[in-house]
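Reader: I'm new to this one. Walk me through it, please, and keep it quick.

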Amino acid sequence: MVVGGGFMKWVLVIVAILDRVNSVSANCHFSVIDDNKLYDYSLGSPVPSFPHGVQSEDGFYKVAANETVLWFQLCDGMIFNHDPPRCVDCWDCGGPSRCGMGCSALVANNIGGYDVCTTIGHASSIDINIIDKKNPNSGVIVKMSNSGLKRNCSLSVSVICDPKRVQGPHSLEKTGKCDYATVLTHPSGCAKVVHVHGHGWGWFGTLGTIVLCLFGAYLLAGAVYRYFSLGVRGIHVIPNLDFWTSLPQRTQSLFASLLHKFRGSYSQGHRSSYSPVNF
């Protein structure tokens with residue numbers, strides 16, 4: 001039995017979401033269909049040699065550039081068993097005693113000789129997209145954000161696919177007033193690729209669905225109008241009922257007429273193919 005390709009695509013997407021090995025966070029799952037292939041990213045699921053997926057086993061990643069230091073964790077909040085952030089104004093990310101353990105991304109900038117903290121991301125505000133639409137298996141961009149009273153901040157982490165090794169994070173870049181970006185190479189940045197066979201109905205199915213919806217809306221609107229405005233009851237509430245009841249007979253007559261014309265033209269052509277012979 002062959003099932004429509006469009007239906008199978010959605011079934012595979014749902015199965016990929018439900019069949020994750022580790023349900024760390026639904027925010028760390030991303031799927032995209034391109035060229036009859038399903039690219040499924042499950043960043044929080046275990047991969048060989050990395051039981052925590054893309055998450056740092058230390059509880060956090062750290063990257064620094066110039067006088068800026070940034071800590072973050074992917075798919076979860078940060079945990080500091082050593083080397084915790086030592087900066088002021090950490091109230092919205094754990095407070096002074098647990099600085100860094102109340103958010104997913106924290107940056108410290110040296111201002112006037114003091115390291116001042118700013119929360120730039122939470123695990124609940126993660127958005128994932130592919131790095132290169134022309135090459136969906138190249139990796140994903142994980143963006144987390146924080147909306148504060150004074151300003152909105154964000155961190156974008158490019159998780160590049162490398163099935164054999166982990167590198168980074170490196171190349172800390174400031175892309176806005178309170179927006180940062182960095183790069184991480186990790187096996188979790190590689191998608192599981194599932195081939196989706198069949199193209200379904202395509203544009204024809206879409207057109208048919210639109211026509212059916214318009215036809216249903218026409219019948220419903222006409223029935224409501226005739227029922228409430230004209231007081232029509234019973235089966236006669238259907239608009240243009242005489243036309244719809246006569247439609248099968250009209251269709252039959254049309255096909256019979258076409259068949260008659262076809263047979264007539266065939267017989268005439270068959271007779272004209274013979275030439276008179278004089279004996």
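Author: Buried means under 20% relative accessible area, exposed means over 50%, and partly exposed lies in between, with a 1.4 Å probe and protein chains only. The model is predicted, so local features need pLDDT of at least 70 and side-chain atom pairs count only at pLDDT 80 or more, while totals for chains, interfaces and linings use all residues. Residues are numbered from 1 along each chain as its sequence is written, and side-chain values use heavy atoms, leaving out hydrogens and water.

Reader: What share of the chain's residues is buried?

Author: Of the 279 residues in the chain, 33% are buried. The accessible surface comes to about 18100 Å². Carbon and sulfur atoms hold 59% of that. These areas come from the Shrake-Rupley method with a 1.4 Å probe; for residues, only the protein chains shown count as cover.

Reader: How many helices and strands are there?

Author: Three helices and 12 strands. Both are DSSP runs, numbered from the N terminus: helices are H or I with at least four residues, strands are E with at least two.

Reader: How confident is the predictor, on average?

Author: The mean pLDDT of the chain is 81, and 82% of the residues score at least 70. pLDDT is the predictor's confidence in each residue, from 0 to 100.

Reader: Which element scores lowest, and which highest?

Author: Helix α1 (residues 5-18) has the lowest mean, at 44. Strand β11 (residues 179-186) has the highest, at 94. Also, pLDDT stays under 50 over residues 7-25. There the model has 28 contacts beyond four places in sequence. A contact means heavy atoms within 4.5 Å. Residues 1-5 stay under 50 too, with seven such contacts.

Reader: Now the sheets. What is the strand order in the sheet of four?

Author: That open sheet runs β3-β4-β5-β6, with antiparallel pairing. Two strands pair if DSSP finds at least two bridges between them. β3 (61-65) and β6 (114-121) are the edges, each with a single partner strand, so one side of each has no neighbour in the sheet. The twist averages 20° from one strand to the next. That angle is taken between N-to-C directions, from 0 to 180 degrees, with axes fitted as lines to C-alpha atoms (for helices, over the stretch in contact).

Reader: How many bridges hold β3 to β4?

Author: Five, in the antiparallel sense, with β4 covering residues 68-72. Ala64 stands opposite Val69 there.

Reader: What about β5 and β6, how many bridges?

Author: Seven, again antiparallel. Asn109 faces Val116 of β6. Two residues sit between these strands in their hairpin, and Gly112 takes a positive phi near 60°.

Reader: Is β6 mostly covered or mostly uncovered?

Author: Mostly covered. Six of its eight residues are buried.

Reader: What's the order in the sheet of three?

Author: β1-β2-β12, an open antiparallel sheet. Its edges are β1 (29-34) and β12 (192-195), each with a single partner, so one side of each lacks a neighbour in the sheet. β1 pairs with β2 (residues 37-42) over six bridges. Within that pair, Ser31 has Asp40 as its bridge partner.

Reader: New topic. How many salt bridges are there?

Author: Two. The rule asks for a side-chain nitrogen of Lys or Arg within 4 Å of a carboxyl oxygen of Asp or Glu. Lys62 pairs with Asp83, their closest N and O atoms 3.2 Å apart. Lys62 is in strand β3 and Asp83 in the loop between β4 and β5 (105-111), so the bridge links distant parts of the chain, 21 residues apart.

Reader: And the partner of Arg165?

Author: Asp162, with closest N and O atoms 3.0 Å apart. Asp162 is buried, at 15% relative accessible area. Arg165 is partly exposed at 45%.

Reader: Which peptide bond is cis?

Author: The one from Gly168 to Pro169, with omega near 5°. Pro169 belongs to strand β10 (residues 167-174).
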